[in-house]
Amino acid sequence: MIFDIEMIKKVYAQFPERVDKARQVVGRPLTLAEKILYTHLWDGTRWRELVARAFVRGKDYVNFAPDRIACQDATAQMALLQFMQAGKSKVAVPTTVHCDHLIQAKEGAATDLKVATEQSKEVFDFLSSVSNKYGIGFWKPGAGIIHQIVLENYAFPGGMMIGTDSHTVNAGGLGMLAIGVGGADAVDVMAGMPWELKFPKLIGVKLTGKLSGWTAPKDVILKVADILTVKGGTGAIVEYFGEGAKSLSCTGKGTICNMGAEIGATTSTFGYDEAMRRYLLATGREEVALAADAIAPYLTADPEVYADPEKFFDQLIEIDLSTLEPYINGPFTPDRGTPVSKMKEVARENDWPLEVQWGLIGSCTNSSYEDLTRAVSVVKQALEKRITPKASFGINPGSEQIHYTTERDGIIDAFEQLGTRVFTNACGPCIGQWDREGAEKQEKNTIVHSFNRNFSKRADGNPNTHAFVASPEIVAALAIAGRLDFNPITDTLLNDQGEAVKLTPPYGEELPSKGFAVDDPGYQAPAEDGSNIEVVVSPTSNRLQLLTPFAPWDGKNIIGAKLLIKAQGKCTTDHISMAGAWLRFRGHLDNISNNMLIGAVNAFNGKTNSVKNQLTGEYDEVPKVQRAYKAAGIPSIVVGDHNYGEGSSREHAAMEPRHLGVRAVLVKSFARIHETNLKKQGMLALTFANEADYDKIQEDDVINFLDLTSFAPGTPLHLEFVHKDGSKDVITCNHTYNAQQIGWFKAGSALNQLKEKSER
Ligand code: SF4
């Protein structure tokens with residue numbers, strides 16, 4: 001089955017004309033990234049006007065119209081609860097929901113999936129029913145990991161998609177611009193609004209030569225991460241090209257794009273080529289391949305760009321695949337790269353535990369058919385050469401299609417002969433959903449995995465687990481050897497007979513020679529007409545709660561507001577709405593609001609989660625104090641420092657204060673995305689016209705807005721701070737609201753305004 005082929009054909013029908021026009025406007029040959037960006041400018045009817053000038057990379061904010069959206073189960077909950085408020089009967093662009101994050105790995109797929117389906121039943125039922133109602137494709141628990149499913153079914157060369165997960169970027173392996181976003185952005189696009197992005201800078205990576213032996217596509221990105229570090233790609237799209245790029249499989253390209261998230265890149269991509277074509281055919285999408293073939297020169301950069309890349313990219317990196325060594329990156333960060341030949345000395349110098357306890361193969365990064373065949377070629381050598389593996393093995397196939405096909409082809413069986421635990425087709429240990437025996441003892445230990453992230457505690461919750469990232473075949477070799485410093489290229493192992501044996505380089509199949517097969521892929525198509533479908537949310541649930549629209553502005557100045565907290569120093573979205581154990585409440589606004597600002601430091605006592613309740617004079621937890629104000633019908637404001645709300649784009653960080661009755665956030669400066677999120681939720685996001693005024697704010701202040709009734713674009717607002725001793729300071733507050741955003745404030749939220757418009 002091919003999903004949304006008409007949408008893809010439509011994109012391709014207008015692609016050449018738009019690229020030609022953009023090339024003319026920009027006045028030079030175009031990179032692939034630019035072609036996709038310019039062909040996806042918002043508002044097709046006004047496209048010619050919009051492309052009237054070249055956008056400035058790294059500066060201009062531009063509205064785009066993505067072709068599709070993907071959401072994973074943890075982030076989809078609040079996104080869809082919000083979408084339900086938009087008053088729409090269907091999503092505006094093709095959307096899918098994937099149940100992959102909430103399944104714990106412990107015993108193995110059969111037991112684990114059953115347990116998860118029971119434990120998270122209400123969440124899965126909600127996602128299933130809301131998807132069914134609003135025209136969203138739903139992938140059930142066990143169907144696979146979001147990005148593998150997208151690559152197998154939805155990605156197409158030259159397309160643009162957004163997803164509520166940072167590794168949405170994986171679809172660059174099939175020539176898309178695929179970008180991870182916060183739930184609020186996804187809701188906008190689902191509701192038919194544009195998606196805004198700062199026009200990215202461009203990093204070119206020229207790949208020469210060809211991979212061989214133990215080196216895999218994973219090593220390309222491990223090397224790039226080592227070069228660029230976790231921040232080096234920020235605000236940029238990475239475009240890979242060259243003969244080396246063409247020699248990589250489509251899923252190998254996916255691996256490289258996937259870990260582009262680890263260098264902070266907006267996304268990564270490759271031009272359409274034969275490998276992508278083969279993958280489209282193997283996954284049953286001949287019609288997409290034919291349509292792409294028809295405009296193939298448009299689905300890669302203009303030839304002049306790759307011939308003379310220094311002229312067209314902001315930064316250029318060159319990697320020779322023929323001389324690239326396998327890398328092992330870590331511990332605790334994916335950008336600390338060590339070539340396998342150097343690990344002996346580097347591990348000793350750093351006192352990393354040399355014994356490998358677990359080898360884990362999977363995650364959206366490396367769970368393709370090719371990955372599993374290359375890893376199993378190493379595993380089979382252990383069986384044939386009678387080497388008992390020293391570490392435990394676990395695998396997570398990327399999708400049911402891969403699981404079914406690898407089972408048919410004897411790959412799963414070979415893994416199991418080595419005692420491997422085959423976990424559910426889901427994220428599992430990659431997102432910390434791993435009930436690892438003994439992790440609670442917090443012993444210092446080493447694990448190796450083929451995932452993308454290896455931050456402290458990520459896999460098993462143990463801060464002393466040293467997690468290293470490597471290709472699936474290197475993970476297999478190190479787990480068999482049980483040593484972090486084992487170099488399969490040069491070292492031998494002792495087998496059960498005491499003989500020294502050597503592993504030969506891995507080999508794999510890019511695609512299954514007998515074709516992919518699957519019995520039940522785990523997909524639920526949405527109802528044609530969802531109007532009579534009831535969305536399932538239990539009123540007694542503590543994990544899900546239907547949202548009620550935020551109240552519109554009453555048209556009056558806000559008078560008598562209390563200061564809730566004057567936050568000092570860094571206040572990220574993590575400080576405003578913590579993750580960890582709170583993740584389970586992501587679909588329940590009232591419950592998750594109990595974490596509001598608990599990580600922020602109170603400037604008056606230097607403590608976190610301790611603020612003065614002005615009604616009692618006592619210090620208490622921030623959410624409790626705010627709930628007391630709310631109960632008394634008293635508005636409040638939050639004051640903050642520089643770059644308030646930096647970090648992941650988490651809409652909860654804006655929704656929680658709004659839900660609990662905070663009316664305004666006044667700071668020295670905002671992280672831009674959080675500022676927009678506050679505006680969307682109907683909050684007032686204000687900045688000090690004079691930063692030094694931050695110091696004038698006192699703990700017992702009562703705040704009156706003086707001119708909110710004349711709230712207008714470009715005109716500052718004035719707030720009167722009445723101090724305990726009766727003295728007053730009037731503080732000038734800047735804002736960046738345009739007329740539409742003032743409309744959001746007046747309506748109570750952007751969604752309220754959208755609903756009003758759709759009802760008109
Ligand atoms: S496998 Fe890991 S990186 Fe991929 S979507 Fe799941 S949690 Fe995220």
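This is a predicted model: local features need pLDDT of at least 70, side-chain atom pairs count only at pLDDT 80 or more; totals for chains, interfaces and linings use all residues.

Trainee: Sheet, then. What is the strand order?

Mentor: The order is S6-S5-S2-S3-S4-S21, in an open sheet of six strands with mixed pairing. Strand S6 (177-180) and strand S21 (523-524) are the edge strands, each pairing on one side only.

Trainee: Do S3 and S4 run parallel or antiparallel?

Mentor: Strands S3 (residues 95-98) and S4 (residues 137-139) run parallel, joined by three bridges. In that pair, His98 is opposite Trp139 in S4.

Trainee: Which strands does helix H6 touch?

Mentor: H6 (residues 121-134) packs on the sheet and touches S3, S4 and S21. Its direction makes about 160° with that of S4.

Trainee: Switching topic. At what angle do H12 and H13 pack?

Mentor: Helix H12 (residues 274-282) and helix H13 (residues 286-294) pack at about 150°, and their axes are 7 Å apart. The angle is therefore one that makes H12 roughly antiparallel to H13.

Trainee: Which residues make that contact?

Mentor: H12 contributes Arg277, Leu280 and Leu281, while H13 contributes Glu286, Val288 and Ala289. By class, the contact has four nonpolar, no polar and two charged residues.

Trainee: And the ligand: how many residues surround it?

Mentor: There are 14, and the closest are Ser363, Cys364, Cys427, Cys430 and Ile431. The shell divides into seven nonpolar, five polar and two charged residues.

Trainee: Which domains does the shell draw on?

Mentor: Domain 1 (5-320) and domain 2 (328-501) each supply at least three residues.

Conventions. Residues are numbered from 1 along each chain as its sequence is written. Two strands pair if DSSP finds at least two bridges between them. Helices (H or I, at least four residues) and strands (E, at least two) are DSSP runs, numbered from the N terminus. Two residues are in contact if their C-beta atoms, placed from the backbone, lie within 7 Å. Axes are lines fitted to C-alpha atoms, for helices over the stretch in contact, and angles run from 0 to 180 degrees between N-to-C directions. A residue is near a molecule or strand if its C-beta atom, placed from the backbone, lies within 6 Å of it. Ala, Val, Leu, Ile, Met, Phe, Trp, Tyr, Cys and Pro count as nonpolar, Asp, Glu, Lys and Arg as charged, and the others, Gly among them, as polar. Domain bounds come from an automatic or database domain assignment. Angles under 35 degrees count as roughly parallel, over 145 as roughly antiparallel, 65 to 115 as roughly perpendicular and the rest as oblique.
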